Amino acid sequence: MESERDDGRSPSQLRPLSCARNVLHRSHGSASWSQGDTKVLAAVYGPKAGTKKNENPEKACIEVIWKPKTGQIGKQEKEFEMILKRTLQSICILTLNPNTTTSIIIQVVNDDGALLVCAINAACAALIDAGIPLKHLAVAICCCLAEGGYVILDPTKLEEQKMRGFAYLVFPNSIVSVLPKGSSHVEG
Amino acid sequence: MGLPDASGDLSSEMEVDAFRRLFPLRYFERHLSESIRPDARPLGRARDTTLALGAVASAHGSALAKIGSTTMLAAIKMEVMTPSTESPDEGSIAIDFHMPPICSPIVRPGRPAEAAPVISKQLSDTISSSGMINLKELSLVSGKAAWMAYLDIYCLDADGALFDAALLSAVAAFSHLQIPIVSLNDDGKIELISEEDDGAKLEVEPVNKEKRKLTLSSIPFSLTCILHKNYILADPTAEEESIMETAVTVVLDSSSRLVSFYKPGGPVLAHTSAVQDCVALTRQRVKELQNILDETLSGMEID
Amino acid sequence: MAAQGGAAPSTYTPTPTKKTQRSPFFSDSDVDWLRPDGRGFHQCRPAFFRTGAVNSAAGSAYAEFGNTKVIVSVFGPRESKKAMVYSDVGRLNCNVSYTTFANPARGLGSDNKEFSSMLHKALEGAIMLETFPKTTVDVFALVLESGGSDLPVVISCASLALADAGIMMYDLVAGVSVSCLGRNLIIDPILEEESFQDGSMMITCMPSRYEVTQLTITGEWSTAKLNEAMQLCLDACSKLDKIMRACLEEAASASQD
């Protein structure tokens, strides 16, 4: 069943993407990224002097602060913070500014599915806006395995609830290699 | 890696222990080039693993898992709740992973470890998506009462591969779980029936005589590997994890189906071949872990 | 999904159908009642100690007295986290916490502030703080299961963990508590007995020097009872000390082999 999706997209069609940079004036770099109705704002501060305790002072330190749309930060957000931090560590050139900290603040504006992916793209755009040297860009995409065994890209919140498995994939734009990341729950 | 190249020359004069602390990466790479690790393991071998069931007397199910010196204590306590209206025939599971200050020098009281909520989330995702537990078995009286299984896992000693050890202790605790016999009283509350007068005088009808054990289908097991250059190191220690930062966790169930694949960023990019190697290593490890669990369970039955 | 979104449903632990018809715990006239675990009034639970339970710590010990099970880890001497003024003597930092399954009813697994400060006071007199100036030694205890007399067990276990970490001490510290139930004194009470007690006494002492590091008395006591209880505690401490020393000797001889 090569079904049409609720919003009329084909399985491999993404929602309309839009990106704006330098949306905040106080931060050193910022970007807003939206995929359909999912919208995330990312701000970059730094590099600031010094690293936190328990971090290696011989390298630059990346700090990610996740701000949910409403309410307190929970386990889910902590997990996103950790994934985002590890991902950004892999694209930044950490040896360039040792003993500094770069903070990335992610503010969720609206969540309509594929939130983590949207946040990774937003963070990457904000890092570019802040002029942080990067090895390459990171491009993130979410695929889902639906009940019937077919794969769809970039799910909405409604579609996410019906899916059996998720794969969040992050690819670098330069070298051709795979960087699967995040939890993919595949059954069967 | 902004270290001077002189370390190569120094190493001949320096004591091994000092070299290990000053140039940890070089120390490890020297071992890796000989296909051996500092604790004398080959790259693909996991550490010795032991399981003990019933370690906590006050819990309904408990297990102590040790992988190398990483130690996890898991205990399940059953409480009664009113099921939600969407799923009146289902119980629930709440999983919490704790890293008390005793487990590692980097955890201080009052400041919980950053890793703890992340592992907690990963564990509940893995256990729910593996379909190991049929939540319908936790139902007591449809729409009125169901079990809430509180699974608390304490890390007693943190020496790498925390998720693997935590998952192992969790599944072992579930397989050790003995659900208490209860009945429904006139006020609609669930009460315990004490073991002694079981069968003697049944003035109250137990509601779950048959359902004392959970049937666990497709048990998930995991293996964490470290990727460093072209090397794949299975079951890393805390020292290895701190030096080489790219970790891949693969969770397979007992029939070798992929439950989850987890690679949270990291400086090394995973090529398809590395991913396949990790899955192959996990497949072997799942067999080992399944055997360990089976042996421990059969040991319990003899006693 | 097992993970319930938002507010967790309220849960309760099922209670037994009928209250266990245990005869009143004891009555004043009755002198021959038995303790729930069949021990004599002046008999301690079998004690088990093992050092080196946690590899990532500088020193550690595990103690098991009946159902009371604790682990203590010692870290340091290491840099003081709280930026304090220069000090010639080292700092001792103690923390006692409980697991969520320590008590029969599921708890929150919180820190026990009172026990943390009592542990600190019981140990500070025994440690040669001047041997590690400017630095901190952290003593963290986790009560895996609470079966009564938790604090004395934590203190004895902590002194073993300190010895395992090679922290200089004047002597080991052994802790024992006694409960007063009516006319009887019972040593090393279990949880059930503690809930019925009229008064309790805990002594922690350095047995070879015959010095008391901490003495706490709560509840109702007569002077004669106090003296008797104190003697009981001190005798038990010196016996406990032998067990603790045997454990250390065993660990030392094992590491030599």
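In chain C of this predicted model, the secondary structure comes to 4 helices and 11 strands. Of the 257 residues of chain C, 44% count as buried, and if we take the contacts within chain C between residues at least 6 apart in sequence, 68% of them join residues at least 24 apart.

Let me stay with chain C and turn to its contact with chain B, where 36 residues of chain C meet 45 residues of chain B. On the chain C side, the elements that contribute two or more residues are strands E1 (11–12), E2 (15–16), E5 (68–79), E6 (91–98) and E7 (135–145), and it is E7(C) that supplies the largest share, with 4 residues. Sorted by class, this side of chain C has 17 nonpolar, 15 polar and 4 charged residues.

Because 15 of its 16 residues are buried, H4(B) is largely enclosed by the rest of the structure. Just after this helix comes Gly131(B), which takes a positive phi of about 70 degrees.

Now to chain A, where an unreviewed UniProt entry carries the annotation "domain: Exoribonuclease phosphorolytic" over residues 13–133. Over those residues the chain is 26% helix and 35% strand, with the end C-alpha atoms 32 Å apart.

Chain A has an open sheet of 5 strands, in the order E1-E2-E3-E5-E4 and with mixed pairing. Strands E1 (17–21) and E4 (61–67) of chain A stand at the edges with a single partner strand each, so one side of each is left without a neighbour in the sheet. On average, and with direction ignored, neighbouring strands here are turned by 15 degrees against each other. E1(A) pairs with E2(A), residues 29–35, in the antiparallel sense over 5 bridges, and within that pairing Ala20(A) stands opposite Ser32(A).

Two helices of chain A pack on this sheet: H1, residues 75–91, touches E4 and E5 (100–110), its direction making about 145 degrees with that of E4(A), while H2, residues 115–129, touches E1, E2, E3 (38–49) and E5, its direction making about 150 degrees with that of E2(A).

Methods:
Residues are numbered from 1 along each chain as its sequence is written. Chains are lettered from A and ligands numbered from 1 in the order in which they are written. This is a predicted model: local features need pLDDT of at least 70, side-chain atom pairs count only at pLDDT 80 or more; totals for chains, interfaces and linings use all residues. UniProt positions are given in the numbering used here, feature names are shortened, and annotations may be inferred rather than shown by experiment. Two residues are in contact if their C-beta atoms, placed from the backbone, lie within 7 Å. Ala, Val, Leu, Ile, Met, Phe, Trp, Tyr, Cys and Pro count as nonpolar, Asp, Glu, Lys and Arg as charged, and the others, Gly among them, as polar. A residue is buried if 20 or more other C-beta atoms lie within 10 Å of its own, exposed if 12 or fewer, and partly exposed in between; C-beta atoms are placed from the backbone. Two strands pair if DSSP finds at least two bridges between them. Axes are lines fitted to C-alpha atoms, for helices over the stretch in contact, and angles run from 0 to 180 degrees between N-to-C directions.
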